[in-house]
Amino acid sequence: MSSDSDLVRLAQGGQLAAYEELVRRWSARVLALCHAKVRSVHTAEELAQETLLRGLRALATLEEPAKFGPWLCGIASRVCLDWLKSGQARQVSLDAMSDGQADAWVAQAGESPDEAAARADDHRRLLAEVASLPEPYREVILLYYYDDVTYRDVAAALGVSAATVNARLTQARAMLRERLSGMQR
Amino acid sequence: MRCEDVLDQLNARADGELPANEAAALDAHLAECSQCRAAAESLQAIDAELRTAFASRRAAAARLAERAAAAVRASAGAPASIAPPAAESRWAWGQAIVGLAAGFLLAVALFRPWQPKSVVTPTLPQREPIARLAVASGWVEVQAAGDIPAFMCPPSAPIGRDSMVRTGPTERCEISLEDGNALRLDCNTEVTLRESEVVEVNHGRLWLTCEPGRKGIEIQSGGGTIVAKPPAHLAVDCQPQAARLMVVDGAANVQAGQESIEVGPGKQVRIVQGKVEEAPVSFDPVLETAWVNSVLALRGSEHPELVERVDRLLANVGAAKLSLLYEDELRRLGDDGVPPLVAYLAATRDTPNVAQRGTAARIVADVAQSRWIADLIALLTDANAEVRFHAARGLERLTGRNQGCDAQKWQSESWASCESAHEKWLNWWAANRDRYPAARRDIPAPTSPPF
């Protein structure tokens with residue numbers, strides 16, 4: 001598999017398909033980051049796409065191809081910040097209410113409609129708790145579970161160490177466990 | 001090894017990140033510590049739950065990747081290749097052709113999201129356009145008249161007479177017709193543009209905006225003909241054997257067989273095998289045509305029509321929540337539950353004495369965050385005294401001030417006694433609104449006297 005650096009160089013040389021591969025490689029992490037910032041699935045998808053296109057337009061300015069991921073995540077952060085400042089964040093809650101509901105209701109094999117509904121309800125509750133975590137913890141959870149990534153991948157996207165990712169994931173899961181068990185009591 | 005140090009290692013091991021040289025020490029500790037063993041089991045459970053809960057998000061990420069890749073091709077204005085067989089390089093360029101039409105560059109992409117192997121290399125038809133693809137959430141398929149193969153049409157591309165336009169399973173679009181009217185197509189919809197004022201719906205869902213002073217539009221669907229009378233907003237749902245017409249605003253004439261009837265605003269009819277059938281009168285145009293929102297959103301979330309539709313949708317949600325949920329349950333939603341309640345309060349100002357309005361205002365006053373300050377100031381002019389009382393209470397909670405008029409006064413005294421306080425709130429907001437970027441900017445002027 002080609003490295004990010006190789007693909008960036010090819011894309012900078014005019015090979016658009018190389019940038020498409022970078023898009024496929026990074027879109028889940030960019031989407032996770034946007035989701036963590038704006039807390040709305042639908043808005044995050046729009047902002048992630050905007051990020052990926054801005055990345056293409058600005059690719060010629062990237063001097064260190066090996067740092068493509070952190071550079072793209074920086075663009076995502078700015079795109080989200082611009083959106084949050086624009087006042088459009090008022091509509092987030094409408095989006096947030098429908099997050100993940102439709103697809104979570106599909107009954108699995110051997111599962112009754114009631115069981116499917118209960119499972120969907122559990123997932124909604126869990127995702128709502130994830131959304132309410134403080135941002136550093138929300139970020140690591142979303143980055144980690146949106147994609148098949150390692151601590152190093154998450155660390156590169158956030159500009160922190162792998163040990164910090166480990167610590168934040170530990171803390172985030174502990175908070176989720178505590179909140180969910182508190183709701184069940 | 002201390003238990004608090006073990007947690008990071010447990011997580012690292014669950015994630016396949018624990019260095020081999022630390023595993024033995026961790027196992028030794030777990031063998032002795034039942035508390036940490038329980039923590040390990042609990043960790044596995046929450047990890048499994050998260051993985052399941054995020055399955056749909058991962059699928060969404062995969063879809064985004066494909067959409068973004070297609071957008072990359074489109075934004076470059078250059079053709080892309082269909083991916084060659086796996087044995088070849090993934091990003092070898094294909095043999096696509098760029099078509100140049102008079103005065104503008106139109107990239108003819110060979111990428112078809114739902115039929116990836118169908119490769120065509122057409123030259124664009126040199127016909128006078130009768131319509132233009134105004135916005136689209138992705139690539140839309142257009143087939144010009146004659147034997148010219150279908151091609152994928154990027155936004156702003158012109159569309160000629162007798163062209164078939166088809167959206168895929170995830171694409172929606174808006175088409176600007178030459179005479180100033182507009183069509184919006186839902187996913188999996190196919191229409192043929194016979195003329196700029198004659199549209200044949202082959203299948204799918206369509207929204208028609210017929211602007212005042214423009215020509216009426218004729219829609220052929222389900223064996224009948226619908227003629228919109230401007231100004232009008234119509235929605236058409238075309239199934240294999242039947243079509244359903246919803247007149248959202250304005251009116252339309254429906255002709256099928258020997259029948260010809262006029263359908264007014266808020267009414268709907270079905271056309272089945274060339275006959276007009278009555279359909280249930282009651283329908284909610286905002287809910288029935290919710291798909292239109294995502295087309296409007298392509299023009300930006302501040303699009304006035306979208307804002308109005310979202311407010312109406314939120315007001316419906318607010319009314320439903322107030323009817324179906326206990327007040328405690330609504331309060332537990334916290335600030336996330338406030339948007340539908342505020343929209344409901346705004347939408348029901350003409351019926352100020354509905355009992356639920358007091359409940360809605362009370363919850364908003366207690367749980368709303370500072371982004372709702374402007375909306376609370378707007379509620380100070382509500383005709384319902386209880387709503388004003390709670391709005392003033394909420395403002396005092398969020399800002400620590402009452403502008404010389406406490407909540408009780410807003411409930412019990414006349415507008416003349418409260419007017420100066422209202423003026424102070426408006427001035428305060430003008431001076432402070434930049435501190436609340438998530439809040440609405442402007443507060444509508446009150447009617448005089450508002451209560």
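A residue is buried if 20 or more other C-beta atoms lie within 10 Å of its own. By that cut-off, 46% of the 185 residues of chain A count as buried. The model is predicted. Chain A has 10 helices and zero strands.

**Overall fold**
- Along the sequence, chain A reads α-α-α-α-α-α-α-α-α-α.
- Take the contacts in chain A with a separation of 6 or more: residues 24 or more positions apart account for 64% of them.

**H1(A) and H2(A)**
- Helix H1 of chain A covers residues 4–12, and helix H2 of chain A covers residues 16–38.
- They pack at an angle of about 145°, with their axes 7 Å apart.
- The crossing of H1(A) and H2(A) is left-handed.
- H1(A) brings A:Asp4, A:Leu7, A:Val8, A:Leu10 and A:Ala11 to the contact.
- H2(A) meets them with A:Leu16, A:Ala18, A:Tyr19, A:Glu21 and A:Leu22.
- By class, this contact of H1(A) with H2(A) has eight nonpolar, no polar and two charged residues.

**H8(A) and H9(A)**
- Helix H8 of chain A spans residues 135–146, and helix H9 of chain A spans residues 151–158.
- Their axes lie 10 Å apart, at an angle of about 130°.
- H8(A) and H9(A) are therefore oblique to each other.
- H8(A) crosses H9(A) in a right-handed sense.
- On H8(A), the contact is made by A:Glu139, A:Val140, A:Leu143 and A:Tyr144.
- On H9(A), the contact is made by A:Val154, A:Ala157 and A:Leu158.
- The contact of H8(A) with H9(A) has, by class, six nonpolar, no polar and one charged residues.

Technical notes. Residues numbered from 1 in each chain as written. Chains lettered and ligands numbered in written order. Predicted model: local features only at pLDDT ≥ 70, side-chain atom pairs only at ≥ 80, totals over all residues. Axes fitted to C-alpha atoms, helices over the stretch in contact; angles between N-to-C directions. Helix = DSSP H or I, 4+ residues; strand = E, 2+ residues; numbered from the N terminus. Parallel < 35°, antiparallel > 145°, perpendicular 65-115°, else oblique. Left-handed = near helix turned anticlockwise from the far one by under 90°. Contact = placed C-beta atoms within 7 Å. Nonpolar A, V, L, I, M, F, W, Y, C, P; charged D, E, K, R; others polar. Buried ≥ 20, exposed ≤ 12 C-beta atoms within 10 Å, placed from the backbone.
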